[in-house]
2 protein chains.
Amino acid sequence: MNNFEFCNPVKVVFGKGSIARLSALIPEGSKVLMVYGGGSIKKNGIYGQVTKALEGFEVTEFPGIEANPHYETCMKAVEVVKEKKIDFLLAVGGGSVIDATKFIAVSVGFEGDPWDILSKGGEIKNALPLGTVLTLAATGSEMNERSVISRVSTCEKLNFASPLVFPKFSVLDPEVTYSLPVRQVANGVVDSFIHVVEQYLTYPVNAKVQDAFSEGLMRVIHEEGLKVLDNPNDYDIRANLMWAATNALNVWIGQGVPQDWSSHRMGYALTAQFGLDHAQTLAILLPGVMTYMFKEKQVKLARMGEVVFGITDGTEEERARKAIVACEDFFRRMGLKTRLGECGIAEKDLDALAAPVDKQGWKLGEHHNIDSRMAREIMALRL
Amino acid sequence: MNNFEFCNPVKVVFGKGSIARLSALIPEGSKVLMVYGGGSIKKNGIYGQVTKALEGFEVTEFPGIEANPHYETCMKAVEVVKEKKIDFLLAVGGGSVIDATKFIAVSVGFEGDPWDILSKGGEIKNALPLGTVLTLAATGSEMNERSVISRVSTCEKLNFASPLVFPKFSVLDPEVTYSLPVRQVANGVVDSFIHVVEQYLTYPVNAKVQDAFSEGLMRVIHEEGLKVLDNPNDYDIRANLMWAATNALNVWIGQGVPQDWSSHRMGYALTAQFGLDHAQTLAILLPGVMTYMFKEKQVKLARMGEVVFGITDGTEEERARKAIVACEDFFRRMGLKTRLGECGIAEKDLDALAAPVDKQGWKLGEHHNIDSRMAREIMALRL
C-alpha cells in the first residue's frame, strides 16, 4: 500500500424526504444562489421541494447550467453573485451543476482570469461555501473536491481540484432520480462504474481494503445497473446506485493505490470537440485502454473478471481478455455505444482528439507514460 | 437502506515515516499535552519519533493511561491541562489512550461532574482539539467520535459520543505496530473483526454497498489476522490490518443499516468486574449472541459464512450454524479464549454481570429487545 493523506469533511444527508433538511443545513441568514440546469427540476417536483425548504432565506436563482458546464455560463453566475452579494451557493442537479457551482465558488474571489485555475493550475485562495441537492447518481462530485469545466470558445474541457470546494453538505434523496430520462440513468451507471475502474484497474500493491471496496462497488453498480432501467421506481435499486456512485468518487477507495484516469482525460476531447456525453466517451475509450495496456493490467483485469462478472474459466490471460469483453458488453446493455465510428468519428479526427494530451503536457495512466501518440493509438483501437 | 446523516472530518495521514508530519498538523504555537500509556513507546522508538517531530512546541507529557482508561486518571490530566493552559491534546497510543484523550478534551470545559457525560448523557458544549498517533490497529477510535471510559471506584464502564471529539488528524504508520506484544495484536484483530460484525450481522435491508464493504473488511481482517502473528514485520499485512481496523469503526460501513452492539455493551461488565481485555469479552460473548439470536440473524450469518469463511455446503440454516463455529474457531486461532469458564467466571457471577443492562436502561441489539434477563441467558450459553 502506498502512503496517503486523506480528509473528506462533506456531510451526507441520505434518504427519502431529506430535502426538507435543507433549512437546517444552510447557515441562517445566508443569501443563497440556487444553481440548476435546464429546468427539469420544475417538472419532477424537486424545485418545489427545494424552494419550500428554502423559505425564510433570500434566494436568487441561476438556471441554465449545461451538461459539461460552460466556463462562459459560470462567469455570468459570478456576476450575479457579486451583484446580489451572495454568500452561499446551492447546487440542485447532477455532476454538471455541482461542478459549475464549485467553479463559481472559486472564481468569485480569484485574482485574474478564472480560466487560469483550469489551464494553468492557478492558485485558489478562497471559495464561497456551497451545498448540493443531488438529482443524478453519477459523478461523485457531491462528495469530492473536483470539478470539470468546458470552454465553448476554444473547445477545451479541463478540471481542477481544491479542498476548498468540498460541499459543506450534500442531500441525497434516491426518490428524486425516479423520473430521470433513461439516457441519463444509463450514463450515470457507466460513469460511476468507470470511476471505480480508474482507481482499481492498475497494478496490484496489495491494498486489500481498497481492492475489496472497489470490487464491491463494481459488483453493486453492475448488478443494480442492469436492473434499474426496467425498475425505475424501485427505491432500493436507486438507493444502492446513488450510494455506490458517491463512494465511487469520494476519493476513499483510491487512497494508497495507483490510479489511471487516462480514459477520462482522453475523453475530454471527445466531449469538447464532438459533444459526446461524458459517460459515452468513457464507454468507448476504456476498452481501448484495457486492450492497449493489457500486459500492465492483466492481473487485476482477471481478478475483476472473476469478482464482478463471474469469469472463472481459463488462464489468467484468458480471463483478463474476457473481462474486457464483459465490460464492453455491460456498457452496450446499458444502451451506450462503444465505438467511435458509431458516433460519427473517423480516423481523420484522431490527431485533433489526441492533441490536448500534448498541449496540457499530460503523461497519462498509472505509469505516467501515455503521451499523445499512444493516446492516438488507443483511440485508433476504438474506431 | 435506512436514511442516514454522516460526516467524518478526520484527516488521516497514513504510511511509513508519517509521524514526521506531526509538526505540520498541529497548529503553530500550540501548548501540547502528549498523552500516552505505560511507557512502551519509549522502548520501541515511537516516543523518540514523536518528540523529535514536536520540537518547537511547548509540550507537557501525561503518561500512565491504562488499558480501559480510568475516569480517575483522566481527571488528573484535566488538572494538568488547566494548570499548564494546554490548548492541544496529542494522543500517542491505541484505543485506550485515544479514548482517554477524548474524555479529557470534553471534561476540561464541562460544567459539573464529567462522569455525567458517561452516565447521564450530560451535554457536551465544547472540547479541546485533539490529534492522534496510532500505535495499535484495533478500536477505530482514531477516526471516530466515540470513547469508552471505566470508573474504578464503582466498577463501571460506559461510553459517550460527540462530533466535537473527532480527532483533527490521525497519524497511522503501520511500522510502529511491528513490536507490539502478541496479545495486543491478537486482541486488535478480534476487536476490529467484531466491530464489523456488530454493524453487519443483523437483518438485511438491501444495503448492498454497506454489506459489500463489511464483507470485504471481515475477509481482509480474517485473512491477514491469521498471518500477522507469524509475520510481525510484514509491512503489507500490518498496513492492511491497520487500514481495515480504521474502516471497521470510522462509522462508514454502518450508515443506513441496523446495528447490534449487544456484545460490546454486555462485555463492558466483564471488563469492569473481572478485568478481561475488551476483545476477550467480545470473543466470548459474540458466539452467544449469534446463537441466542440465531433466527433473527440467520440470513446474514449464512452469507457471512460464505463470503468470509468459504462455507458453501448445506442449507441456509446449516451454513449459518457453521459460520458461528468458524467465528469461534478464528478467535481461538488468534489465541483468545471463548468461554467464561476459561476466565474464572461462573454461573454465580452472571446476575452481577447482567445487572448494568438494567441499571443503564439498555435494550440491546438491533431489535432493541435484549434486557438483563436475556443478557444473562446469553452469558449462560458461554459458561
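This is a predicted model: local features need pLDDT of at least 70, side-chain atom pairs count only at pLDDT 80 or more; totals for chains, interfaces and linings use all residues.
Let's begin with the interface. On the chain A side, 41 residues are in contact with 41 residues of chain B. Put together, the two chains bury about 3,600 Å² between them, and 55% of that is on carbon and sulfur atoms.

Now the polar side of things. The rule finds 20 residue pairs in polar contact across the interface of chain A and chain B, counting pairs with both residues at pLDDT 80 or more. So which parts of chain A supply at least two residues each to the side that touches chain B? They are β1 (4-14), α8 (208-228) and α9 (235-248). Of the elements of chain A, α8(A) gives the most to that side, with 12 residues. And sorting the residues of the side of chain A that touches chain B, you get 22 nonpolar, nine polar and 10 charged.

Charged residues bring me to salt bridges. Over all chains the structure holds 40 of them, and eight are found across the interface of chain A and chain B. Here's one to click on: the side chains of Arg21(B) and Glu5(A) meet at 2.5 Å, N to O. Why does this pair join two chains? Because Arg21(B) lies in the loop between β1 and α1 (22-25) of chain B, while Glu5(A) lies in strand β1 of chain A.

As a reminder, strands of a sheet pair through backbone hydrogen bonds, either parallel or antiparallel. Here β1(A) and strand β1 (residues 4-14) of chain B run antiparallel, joined by seven bridges. You can see Phe6(A) standing opposite Val12(B) in β1(B). β1(A) is also joined by four bridges to strand β8 (residues 169-172) of chain A, and those two run parallel. In that pairing, Val12(A) stands opposite Ser170(A) in β8(A).

Zoom out, and 12 strands form an open sheet, with mixed pairing, in the order β3(A)-β2(A)-β4(A)-β5(A)-β8(A)-β1(A)-β1(B)-β8(B)-β5(B)-β4(B)-β2(B)-β3(B). Where are the edges? They're β3 (58-62) of chain A and β3 (58-62) of chain B, each pairing on one side only. On average, neighbouring strands of this sheet are turned by 25 degrees against each other, ignoring direction.

Last stop, a helix. In chain A, helix α4 (residues 71-84) lies across β2 (31-35), β3 and β4 (88-93), and it runs at about 160 degrees to β3(A).

Key
Residues are numbered from 1 along each chain as its sequence is written. Chains are lettered from A and ligands numbered from 1 in the order in which they are written. Side-chain values use heavy atoms; hydrogens and water are left out. Contact means heavy atoms within 4.5 Å. Buried area is the accessible area (1.4 Å probe) that two parts lose on being put together, summed over both. A salt bridge is a side-chain nitrogen of Lys or Arg within 4 Å of a carboxyl oxygen of Asp or Glu. A polar contact is a pair of N or O atoms within 3.5 Å; within protein, one must be able to donate a hydrogen and the other to accept it, and residues adjacent in sequence count only if both atoms are side-chain atoms. Ala, Val, Leu, Ile, Met, Phe, Trp, Tyr, Cys and Pro count as nonpolar, Asp, Glu, Lys and Arg as charged, and the others, Gly among them, as polar. Two strands pair if DSSP finds at least two bridges between them. Axes are lines fitted to C-alpha atoms, for helices over the stretch in contact, and angles run from 0 to 180 degrees between N-to-C directions.
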